[in-house]
Amino acid sequence: ASVAGTSGAGVSVVRTGTNEILFQFDSTQGLYLAVNPGQSDREEAQTHFRGNLYFGAFEYRRSGGDITVVNVLSMDDYIQGVILQEMSASWPLEALKAQAVCARTYAVTNTSGHRDFDVCASTHCQMYQGLNLSNERTDQAVDETAGEFVRYDGEPALTFYSASDGGATEDVRNIWNANADLPHLKGVVDPYEADVADDISQYHWSYTFTSSELTSKMNSSLSGKGYSFTGITDVYVSEYSETGNPASVTFVDRSGKTWSFGPETIRIALGLRSNRFDVTG
């Protein structure tokens, strides 16, 4: 037989370390190449990909350009992989269980933002790099919380978490949606984080910007939304939330014109490490 070539949706399977083509698969009909190393025996259903161990199957999707590799596995296997990307195995079992419930809830309430898969494997969604770090403690945390979700009004709730909160979290309405007022997403002061602040990398941080740098960054981030800044001369926090985070930040240009934005807009525009900051200078 001869190799006829494929379309921009084609995938060529080659023998490892060679250019020898074993077979080619073209997904122009809406089908995808999938590889499942085992149908039922979990010990056999293991794959090593980029040095990491994965359970379940893999799908290889291509529509011109790069191949999207999707790991298809059970929810609980996935949660095991997430837990120890976010916590240490030495942490109390109840903390690992709380993380398991939160991660499981996030996984089922944040599946609409991607075309070819449910959740991505980075901090944009949840960190997941296979099950290399899983152990008996993660097994126990997942098994003892099987089927458990954080619920609000009878449904899986929106859940968010971070490695550090700077001393306080914030109401979701002050971050993403001014019209959202969800009782389970209220900001609270964290009295415990200060005890471990010295152990958190870059817990304290600062950025310095000149007037021209501020103007350039704000224009770059917000010009597409109809904003235009000319020579920013002053920046200050015009309103603080109940937990001490900035709720509104005001910018003034050399003509005296002012704009006010929420903290998430400023964090993204200026590349800040978090929404918990003060403005000085």
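Me: Let's start with helix packing. How are H1 and H2 oriented to each other?

Reply: Here's the general idea: two packed helices are described by the angle between their axes and the distance between the axes. This is a predicted model, and in it the axes of H1 and H2 come within 9 Å and cross at roughly 120 degrees. Angles from 65 to 115 degrees would count as roughly perpendicular, and H1 and H2 are therefore oblique to each other. Their crossing is right-handed.

Me: Which residues of H1 and H2 meet there?

Reply: On the H1 side you'll find Met75, Asp76, Tyr78, Ile79, Val82, Ile83, Leu84 and Glu86, and they meet Leu96, Gln99, Ala100, Ala103, Arg104, Ala107 and Val108 in H2. Sorted by class, this contact has 11 nonpolar, one polar and three charged residues.

Me: Tell me more about H2. How many residues does it have, and how far does it reach?

Reply: H2 covers residues 93-109, so to speak: 17 residues, with 25 Å from the first C-alpha to the last. That is close to the 24 Å expected at 1.5 Å a residue.

Me: And is H2 mostly covered or mostly open?

Reply: Mostly covered, with 12 of its 17 residues buried. Among them are Leu93, Leu96, Val101, Cys102 and Tyr106, and also Lys97 and Arg104. The cover over the buried residues of H2 includes helix H1 (75-86), helix H3 (136-143) and strand S9 (155-156).

Me: H3 is in that list. At what angle do H2 and H3 pack?

Reply: At about 60 degrees, with their axes 8 Å apart. H2 and H3 are therefore oblique to each other, and their crossing is right-handed. In this contact, Leu93, Leu96, Lys97, Ala100 and Arg104 of H2 meet Arg137, Gln140, Ala141 and Val142 of H3. The class count here is five nonpolar, one polar and three charged residues.

Me: Now the other helix pair. How are H4 and H5 oriented to each other?

Reply: Their axes come within 9 Å and cross at roughly 110 degrees. H4 and H5 are therefore roughly perpendicular to each other. From H4 (residues 211-222), the residues Leu214, Lys217, Met218, Ser221 and Leu222 meet Thr265, Ile266, Ala269 and Leu270 in H5. This contact divides into six nonpolar, two polar and one charged.

Me: Which residues of H5 are buried, and what do they pack against?

Reply: Pro263, Glu264, Ile266, Ala269 and Leu270 are buried. The buried residues of H5 pack against H4, strand S11 (246-253) and strand S12 (258-261).

Me: Let me pick Pro263. Why does Pro263 count as buried?

Reply: The cut-off for buried is under 20% relative accessible area, and Pro263 counts as buried because its relative accessibility is 1%. Pro263 is found in H5, which runs over residues 263-270. Leaving aside residues up to four places away in sequence, Pro263 touches Asn174, Ile175, Pro246, Ala247, Asn275 and Phe277. Look at Trp176 too: Pro263 and Trp176 are 87 residues apart in sequence and 9.3 Å apart in space, C-alpha to C-alpha.

Me: What about a loop residue? Is Glu170 buried or exposed?

Reply: Glu170 is buried, with a relative accessible area of 16%, and its place is in the loop between S9 and H4. Not counting residues up to four places away in sequence, Glu170 touches Ile175, Leu185, Lys186, Gly187, Ser241, Thr243 and Asn245.

Me: Last topic, backbone angles. What is the phi of Arg50?

Reply: The background first: most residues other than glycine have a negative phi. Arg50 has a positive phi of about 55 degrees although it is not a glycine. Arg50 lies in the loop between strand S4 (46-49) and strand S5 (52-55), and at 76% relative accessibility Arg50 counts as exposed.

Me: Where does Asp153 lie, and what is its phi?

Reply: Asp153 lies in the loop between strand S8 (151-152) and S9. Its phi is near 55 degrees, a positive value in a residue other than glycine. At 71% relative accessibility, Asp153 counts as exposed. For a glycine, go to Gly271: just after H5, Gly271 takes a positive phi of about 70 degrees.

How values were computed. Residues are numbered from 1 along each chain as its sequence is written. This is a predicted model: local features need pLDDT of at least 70, side-chain atom pairs count only at pLDDT 80 or more; totals for chains, interfaces and linings use all residues. Side-chain values use heavy atoms; hydrogens and water are left out. Helices (H or I, at least four residues) and strands (E, at least two) are DSSP runs, numbered from the N terminus. Buried means under 20% relative accessible area, exposed over 50%, partly exposed in between (1.4 Å probe, protein chains only). Contact means heavy atoms within 4.5 Å. The expected span of a helix is 1.5 Å times one less than its number of residues. Axes are lines fitted to C-alpha atoms, for helices over the stretch in contact, and angles run from 0 to 180 degrees between N-to-C directions. Angles under 35 degrees count as roughly parallel, over 145 as roughly antiparallel, 65 to 115 as roughly perpendicular and the rest as oblique. A crossing is left-handed if the near helix is turned anticlockwise from the far one by less than a right angle, and right-handed if clockwise. Ala, Val, Leu, Ile, Met, Phe, Trp, Tyr, Cys and Pro count as nonpolar, Asp, Glu, Lys and Arg as charged, and the others, Gly among them, as polar.
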